[in-house]
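Visitor: Please show me the model, and let us then examine it by question and answer.

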Amino acid sequence: MNVYEGKNIRNVGIVGHGGSGKTSLVSAILFDTGATNRLGRVDDGNAPTDYDDEEIERRITISAKLAFCEWNKNKINLLDTPGFGNFIQEARGALRVADAAIVVVDAVSGVMVQTEKTWAYAEEFQLPRLVVVNRMDRDTASFERSLESIQQTLGRMCVPIQIPLGEERGFKGVVDLIQMKAYTYQPDASGKFSEGAIPAEAGSRAQEYREKLVEAVAESDEKLMEKFFDSGSLSDEDMVTGLKKQVMEGKIYPVLYTSAITNVGIQPLLNAILNLLPDAVAHGTVTGKDLQGKEVQRKLSDAEPFSAFVFKTFSDPFTGRISLFRVYSGTVTTELQPYNATKGITERFGSIVLLQGKTQVTVPRVHAGDIASVAKLKETQTGDTLCDKAHPIVYEGVKWIEPVISFAIEPKSRGDEEKISTAIHRLMDEDLGLRYSREPQTKEFLISGQGQMHVEIAVARLKKRYGVEVLLHPPKVPYRETIKGKADVQGKHKKQSGGHGQYGDCKIRMEPLPRGSDFEFVNEIFGGAIPRNYIPAVEKGILEARQKGVLAGFPTVDFRVILYDGSYHDVDSSEMAFKIAGSLAFKKAIKEAKPILLEPIMNVEVQGPEEFAGDLMGDLNSRRGRVQGMEVRGHTTVIKAQVPLAEMLSYASDLTSKTGARGSYTMEFSHYDEVPGNLSEKVIANAKAGRAGEEEEEE
Ligand SMILES: Nc1nc2c(ncn2[C@@H]2O[C@H](COP(=O)(O)OP(=O)(O)OP(=O)(O)O)[C@@H](O)[C@H]2O)c(=O)[nH]1
Ligand SMILES: [Mg+2]
């Protein structure tokens with residue numbers, strides 16, 4: 001394996017909607033460049049970048065993968081990313097370290113929800129882009145319709161630099177509009193092609209789109225514009241340099257055409273990557289912070305002190321932890337003892353490894369700009385910066401992703417709770433969207449993720465990788481109780497049994513407080529009706545009693561208790577007796593003060609293709625949701641609503657089936673609100689039934 005310098009490396013992130021053929025494209029690229037000796041197929045479970053058990057089983061990419069190829073004395077690092085909504089953040093993570101994006105669009109369905117999302121990520125990192133229209137060989141694939149969809153949603157500066165030769169089953173090659181040459185492929189998926197003159201049937205369309213391309217290049221550059229007006233065209237040289245400059249500046253996004261399955265159009269795509277996209281050091285510098293938090297710049301150069309960003313971690317019970325990093329400055333060798341500037345610890349490097357999917361290729365060193373991996377770093381996690389200890393720098397980390405769905409998780413065999421926790425924490429190492437927590441109120445353990453499939457995959461991995469079997473249930477809704485009215489009661493605890501008696505007596509008033517105020521205790525005892533040392537006992541009795549509300553056993557919140565009178569007994573009074581008196585007073589007062597149930601209301605944001613807007617609104621309404629706004633972004637409708645959590649437990653799977661997996665949503669807690677009367681009875685009955693069951697079990 002050759003070692004490449006940054007100026008001969010391209011780092012491209014391959015992104016786009018699920019099923020557009022990203023993994024298949026990578027597979028074809030690897031085959032056509034001789035990196036692999038067979039054309040791996042997703043459907044056969046042997047695509048180099050879909051190697052994980054769950055990926056093979058489900059035929060989708062779940063986490064970002066690295067592969068690379070050598071082409072015309074350069075190295076191209078390919079980051080294959082998922083397009084399925086649950087895992088789309090992986091695409092963002094990959095683009096974070098890429099220098100350019102290849103946005104793959106399905107020739108049949110055009111731009112879709114996740115295409116736009118990944119386009120926005122590329123925008124966020126200001127990456128130059130190529131748009132690749134793949135699956136040109138499929139029935140109803142269309143050059144014109146896909147281009148219209150692309151230009152409408154992604155912008156008019158998406159300009160074809162090729163036209164396809166044939167469509168659907170007849171797709172056999174492309175016409176390069178810069179050289180005005182045809183690439184015609186053999187129909188055997190070998191990737192072999194011949195270069196030649198443009199066939200007559202494609203001539204006029206090639207001319208038409210060549211002119212559009214020339215205009216687009218001239219339009220975004222004043223000098224070229226002048227030349228264009230003078231001569232009515234541009235020289236080939238001006239075309240190439242002008243196009244390259246404008247691609248780099250994000251003014252033009254070239255559109256190309258491929259079929260990954262019939263292996264057509266790959267080499268012209270590779271040429272475009274080399275000729276039009278920036279090399280790994282073209283950006284010149286990168287900005288980070290020093291240990292004092294001051295901004296510092298590093299040159300993207302071998303001559304600078306070492307620095308690298310860890311953008312991905314894989315962990316597996318056999319090989320342990322593998323950290324993928326992008327080198328920004330310096331040269332990496334095994335002698336290096338990198339300093340983790342994020343965590344303030346020194347790590348040790350074993351062999352430096354390039355990843356070809358799961359295949360590892362050991363290299364003696366890597367240069368600034370390259371992407372590589374190392375095994376068994378002790379404490380380094382995704383988002384950390386590794387650098388030369390004498391020249392510390394920290395690059396901006398990565399965000400944890402807020403989960404949108406939770407399930408209660410319990411081990412199949414009792415006593416496996418420890419094992420679950422350890423195993424889930426391992427999974428979280430490589431998966432920033434997964435969470436594990438204990439709901440303090442319902443006491444359930446929760447596993448939370450980006451969608452139902454995400455959580456199911458985590459569960460499958462728990463079993464396969466760590467041998468822990470679990471059950472998933474929808475989580476319990478953390479209801480609360482409160483009061484609407486006021487009360488004034490006495491709580492008296494008096495017992496005369498044998499020797500020592502018990503005596504505690506308190507009078508309290510109870511009143512509601514605004515939502516979110518929880519609990520307040522006011523002592524208004526003057527003149528020693530209750531001795532001072534017993535007053536905290538009364539409060540303690542109430543605090544304990546409020547944990548199990550009188551309606552359905554949920555915690556009682558948002559009320560004030562005023563202790564204003566009571567009595568005591570010189571011998572029989574004790575802290576315990578006053579605690580019991582407090583708790584009796586609480587229970588009595590609540591019943592008098594019109595208790596009600598509260599439920600959590602969530603802020604929900606749903607996205608889906610615009611044709612589903614009506615359905616999605618109707619569905620939210622039927623879930624007692626209050627729609628607060630609707631907005632159209634491209635072909636995507638975004639609806640904001642407040643919906644009770646109780647109605648959202650099955651939303652993830654309902655949304656998937658309603659929209660054919662094209663919808664997605666996020667959800668976060670907003671506030672507590674009263675449960676409507678008719679439902680309240682149901683909740684109370686269920687809670688009581690549930691508790692009766694529990695008690696029976698315990699007996
Ligand atoms: N006919 C045809 N089928 C294709 C082409 N590219 C991919 N496919 C098929 O489309 C399906 C999805 O392909 P993938 O390569 O897994 O797509 P992806 O974009 O990686 O999907 P995710 O990883 O889930 O985002 C598979 O069944 C492929 O065989 C193509 O050019 N032509
Ligand atoms: Mg894939």
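Visitor: Is Thr23 buried or exposed, and at what relative accessible area?
Guide: This is a predicted model, in which local features need pLDDT of at least 70, side-chain atom pairs count only at pLDDT 80 or more, and totals for chains, interfaces and linings use all residues. Residues are numbered from 1 along each chain as its sequence is written, chains are lettered from A and ligands numbered from 1 in the order in which they are written, and side-chain values use heavy atoms, without hydrogens and water. Buried means under 20% relative accessible area, exposed over 50% and partly exposed in between, with a 1.4 Å probe and protein chains only. Thr23 is therefore buried, at 5%.

Visitor: Which protein donors does the magnesium ion (ligand 2) have?
Guide: Donors are N, O and S atoms within 2.8 Å of the metal (3.2 Å for Na, K and Ca); water is not among the atoms, so the site may look incomplete. At 2.0 Å from the ion lie Thr23 (OG1) and Thr61 (OG1).

Visitor: Which residue forms a salt bridge with Arg560?
Guide: A salt bridge is a side-chain nitrogen of Lys or Arg within 4 Å of a carboxyl oxygen of Asp or Glu. Arg560 is partly exposed, at 23%. Its closest N and O atoms to the partner are 2.6 Å apart, and that partner is Glu511.

Visitor: Which residues are linked with Asp52 in a network of salt bridges?
Guide: Asp52 counts as buried at 14% relative accessibility, and its side chain meets that of Arg461 at 3.3 Å, N to O. The network links Asp52 with Glu430, Arg461 and Arg465.
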